[in-house]
Amino acid sequence: MQFLSYLISGISLGSVYALIALGYTMVYGIAKMLNFAHGDIIMIGSYVIFFAFGSFGWNPVVSVLFAMAVCTVLGVTIERVAYRPLREAPSLAVLITAIGVSYLLQQVAQLLWKSDPKSFTSIVTAAGLKPLALFEGQLVISAETIVTIIACVIIMAALTLFVNKTVPGHAMLAVSEDRGAAQLMGVNVNATIALTFAIGSALAAIAGALLCSSYPSLSPTTGAMPGIKAFVAAVFGGIGSIPGAFLGGILLGVIENLSKAYISTQLSDAIVFLVLVVVLIVKPTGLLGKKVNVKV
Amino acid sequence: MALTRLKHMKKTTRSNLITFGIVIVFYLVVEALMAGGLTSSSFEGQLVPICAYVVLAISLNLTVGFLGELSLGHAGFMSVGAFAGVLLWTVLGKTLPAYVALPLAFLAGGLVAGIFGVIVGVPVLRLSGDYLAIVTLAFGEIIKNIINACYLGYDENGLHFSLTDAASMGLAPDGTTLINGAMGITRITKASTFTMGIALVLITLVVILNLIHSRTGRAVMAIRDNEIAAQSVGVDLTRYKLTAFVISAVFAGFAGVLYALNYSSLVARRFDYNTSIQILVFVVLGGMGNIRGSIIAAALLTVLPEMLRGMDDYRMLIYAIVLIVMMIFNQSPQIVAWRKRVAARFTRKKGAPAPQKEVA
Amino acid sequence: MKKLMSAVLAGAMMLSLAACGSTADTTQSTSGSEAATGETTASATPIKLGGIGPVTGGNAQYGTAVQNGEQLAVDEINAAAGYTVFELQFEDDESDPETAVNAYNALKDWGMQVLLGAVTSDPSLNVASECVNDNMFMLTPSASAEDVALTGPNVFQMCFTDPNQGKTSAQYIADNNLGTNIGIIYDSSDPYSTGIYTAFVATAGELGLNIVAQPSFTADNKSDLSTQVAQCQDAGADLVFLPIYYNEASQILIAANSRGYTPTFFGCDGMDGILGVEGFDTSLANGLMMLCPFSAFGDDETTTTFVSAYEAAFDSTPNQFAADAYDCVYAIYQCVQDGTINGDMSASDMCDALVEAFGTMSFSGTTGENQTWDENGMISKEPKVYQIQDDAYVLVGEE
């Protein structure tokens, strides 16, 4: 029973990582760039919800939709201003710019909303959802965990459908496969990548809502560490792969929490990273990553 | 006479001499200014960190610029080097004269960082691209977490070690704690000087520039440009990749010792992935494969946040904006082309030839 | 042409150096005459106070509180005196040991005479060793690691040391039989938290307290603290000791609440501020006890004046960081009023005078009455234990 309870809190943490990792992997798969600022877009989204819902008393669903809109605009703007000029530059240049954007968003948040951490009221419980009690209440699964997992599954399915069944989705696949060839075939590469960022950022807002509902401390640096962990999760699962991001996230959360519970809390991060290293050495493209054949 | 000789020199040799020249002139000018009492404490305080970051940037450039592999764990090597060097310095510094103990501390730092370079490099270099990047990041974080949880001390019964807390180390009451977990190493006798820093920069330059222009260096760059082609002409991938990676780690270790001996306390969380990224920023901004660029970028970006102190609350905001703008200005193909056009127009007016492409 | 230029430049430099020398002479002579009369006139030279702390980055909330506390005290003193007694310059260190030294050097260039900082432990350790080298008086409001004060004779603390807090907490819990099975949740990556933890465990062992669980977290994995709460719950802890800051503590209280776990929670001075966390359901903190020298709910005059002035100026309730910082400025001011120091002294002379004064003086402020410092520069003050009852701190015990 104790083990199950630790496992569930691990899945709960993992589902949050998975949700963030979905946004990461989406942008990486198509734009081929590591968007280090993804965690900070999550933070901005969380603040928007905090004020919309907590201060102005908006409906939780409306608050989240509003945050999605704000993040979409923000994501597309960042892409247009900071990333697009570097589309043809070495990939490292974009990486560094993304880090710059990450610093920038944290600083802006601090100037706007001060550094004092805020306690986020769970939008899930506010929406009237109740935790699930099993075995006569000996095992409780929080409503946030259930919602996060359901959200992950829905988003995963929706993304897969969107990419495989719609015209803009096909354009994304084409861009991810070969940007130059896609352009020649009449795909508008810039618009496709902008759309990718729009979707990724909207997902970030949802991730922010659920991250802060489960772990209610909100400050300008809230997004940084979960962002890095989610990035690890995305690589763990095979970066670019949508089900891989989900699997990687859940596994990462479970490993982190079980090692906290049974091995050592001080070393739990070291253990998580060690497992990652071992997995990548055995399977160099992550759990569900595609093997890329290199041609000369 | 000397000038004409300089003109007839090989282009790379001349470029290297200019790089050395910049470092030496910088040293002489700063020393002269300091002797004249014309420098501020703020500037003097940054000289050793600048040297350490320059060494880190040059050494990371070897991995990123010349080997072409993205490493996000350079601070991890810096960390193990720093801890090894400082431990040796704390233990030996009391008994041996400084001119013996200090070089030993540096050697220990470099050696331990090098060993970690091998441990990390052997599995990691089988991967490529972003997977390699994430594994180096993971190693950096593992090192940070382990040292942060590490308690080490000695008493008359010998060494005591624990990864849990100070009490479980079982140290006698009169024992000495060397590493105190999250507190790290405290009360270090500071030993780093600007002269030492410049000496280390020059040593790093000599070794790495020679390496790049040697047979090994050409093999490393061949791997970067086309791994399969390099392999097909008989370049031993593992050997050359590992050589470059380990040398890069060794110098990160030296830089770690220099950095750590500049302060009275040393904590592992100072060397997290943010520090690795900071060093990577120097390399990318200075130009991958451009040693001189690394030096200048490291020095400028170390001083920049301090120069922005007058901005108060907006200091780090402006730093972030400057970083983004510099990246776009330096790397965006359109802007680089535009800059070349403008530069060409200006230089042509003066009757000089069009500017040459930057070389390492 | 070049030679001429350099000659002119050199000449100009000589002149300016000579000018500097002469002004220095005059200031010295005036300071001498003033010291002779022993009076501080309304036109006395301001004393330059430097402050260092994180105002950006992950620990910015603590640095900002200290900056506000110091600024408030300086403004009050200047307004009351009718002339500029103190000038305050506060520099950001991002809670980074390297940047802290840079901030210190920048302050030295500005002409700092007394340092009131740094805020967090690692930066303070580095800055303390610089202060010892330069013989600069350092009074830190909140860096509570023992090693900070032990760095040298001119480094003083306004806050309790970590081991002291851990020891006193264990003593209080044992004396009042607050719990039989004790759980501890601490931050193993933070010197403050591990410092208290280590001393608490040692004292608890001497006093025969039964520690049943001691999970920790690190700065990197603190987003989920529910596992640590579950570990304490599963071990049957009826008292959970939290030597951590209020932000993480608020997360622990929320996690415990969602698990229906209701032990007695006991914290240290880092807990102060928990009622001020925006959006936090403060009813969860009901019954929380803490060992803290300061309470914004205190009814003595010093505290009420400070709290209302702080709320008016910064629109938030001050926590113990702000209170300690506020007290730092007033402790220095006490020495100004005694005539121990004045703005014309060099930083080094001022340091010697202050070290001597702090060794004998007794100071009363918002964080305690009759506080004194020992030869190491560590403070001795009355620890107080507060309990949160209906959104207010109630004093429940004095050790």
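User: How many of the residues in strand 1 (residues 47-53) of chain C are buried?

Analyst: Keep in mind that this model is predicted. Burial is a matter of counting neighbours: a residue is buried if 20 or more other C-beta atoms lie within 10 Å of its own. In strand 1 of chain C, 6 of the 7 residues are buried, and the strand is mostly covered.

User: In which sense do strand 1 and strand 2 (residues 86-92) of chain C pair?

Analyst: They pair in the parallel sense, over 7 bridges. Gly50(C), for example, is opposite Gln89(C) in strand 2 of chain C.

User: Over how many bridges does strand 1 pair with strand 3 (residues 114-117) of chain C?

Analyst: The two strands of chain C are joined by 4 bridges, again in the parallel sense. One bridge links Ile52(C) to Gly117(C) in strand 3 of chain C.

User: Which residues have the most contacts inside the largest nonpolar core?

Analyst: In soluble globular proteins, nonpolar side chains tend to be buried together. Here the largest such core has 348 residues, and those with the most contacts inside it include Leu22(A), Ala67(A) and Cys51(B). Helix 1 (residues 2-31) of chain A gives the largest share, 17 residues. Domain 1 (47-160 + 298-380) and domain 2 (163-292) of chain C each supply at least three residues.

User: What does Leu22(A) touch, leaving out residues up to four places away in sequence?

Analyst: Its contacts include Ile155(A), Met156(A), Leu159(A), Leu203(A) and Phe246(A).

Notes
Residues are numbered from 1 along each chain as its sequence is written. Chains are lettered from A and ligands numbered from 1 in the order in which they are written. This is a predicted model: local features need pLDDT of at least 70, side-chain atom pairs count only at pLDDT 80 or more; totals for chains, interfaces and linings use all residues. A nonpolar core is a set of buried Ala, Val, Leu, Ile, Met, Phe, Trp, Tyr and Cys residues joined through C-beta atoms within 7 Å. A residue is buried if 20 or more other C-beta atoms lie within 10 Å of its own, exposed if 12 or fewer, and partly exposed in between; C-beta atoms are placed from the backbone. Domain bounds come from an automatic or database domain assignment. Two residues are in contact if their C-beta atoms, placed from the backbone, lie within 7 Å. Two strands pair if DSSP finds at least two bridges between them.
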